[in-house]
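I opened my notebook for a friendly look at salt bridges and a helix pair. Here is what I looked up.

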Amino acid sequence: MAHIIDKDGLPDHFPTHRHTAKFWEQLGRVVATFGFLEEVLGKAIFACTATRPYREDEIEAAYKAWLPKLERALYDPLGKLITSFVDALRKHPNTTTQNIDELEETLRAASKMRNVLCHGSWRSPDKNGAAIPLFVRKERDKDVEVFDTAIDAAFLLQTQMHVAELACEIVNTVTHMGWRFPGSVGPGEPIS
């Protein structure tokens, strides 16, 4: 015998009805903060590549490579933005950032969490309001990894604040060299 779902009988906000509005608000805020981080990385890539000095014989090739790099900064996923940013920062002869490896490692860890939060399927919460999202990751030449950490609104808030802090660190890599961060009205030499 065939069956179909009684769509009119589903709870309001199905399938998200089992979590609190606070949980969903916090998840939305952390996802939006990751979007902001991606924007900041794109602008930092621009700043680091636009202010890098080139020898006269390098200018034409650098310019040809620059436009596609800037275009990719608009649509690349977070992992590729991190790679481009770190590469641009390392190649800039005037960088003052001392902890590039540590910053990259922290950004990559945040990127993994972003994928869980954005792509996980949220299961019902436990009595404390925490849930383990269904998320499975398979990286090249590695075993399958099943995410198994329960997440609640407090965890999401902490993650959101951490990602906002990372965005500030990215801005600092540019402003500490004396440049105004692109799109801001803050201190520093404008990039033109």
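I began with E139, which is partly exposed because its relative accessibility is 26% (buried is under 20% relative accessible area, exposed over 50%, partly exposed in between, with a 1.4 Å probe and protein chains only). This is a predicted model, so I noted that local features need pLDDT of at least 70 and side-chain atom pairs pLDDT 80 or more, while totals for chains, interfaces and linings use all residues. Residues are numbered from 1 along each chain as its sequence is written, and side-chain values use heavy atoms, without hydrogens and water.

Next, the partner: E139 and K112 form a salt bridge at 3.5 Å, N to O (a side-chain nitrogen of Lys or Arg within 4 Å of a carboxyl oxygen of Asp or Glu). E139 sits in the loop between β1 (136–138) and β2 (144–146), and K112 in helix α4 (residues 100–119), 27 residues apart (helices are DSSP runs of H or I, at least four residues, and strands runs of E, at least two, numbered from the N terminus). K112 is partly exposed at 37%.

How many salt bridges does the structure hold? I found 13. R29 pairs with E25, with the closest N and O atoms 2.8 Å apart; the two are 4 residues apart in helix α1, so about one helical turn separates them. R55 and D57 also form a salt bridge, at 3.1 Å, N to O, and both residues are exposed.

Last, I checked the crossing of α1 and α5: they are roughly parallel (angles under 35 degrees).

Technical notes: Angles under 35 degrees count as roughly parallel, over 145 as roughly antiparallel, 65 to 115 as roughly perpendicular and the rest as oblique.
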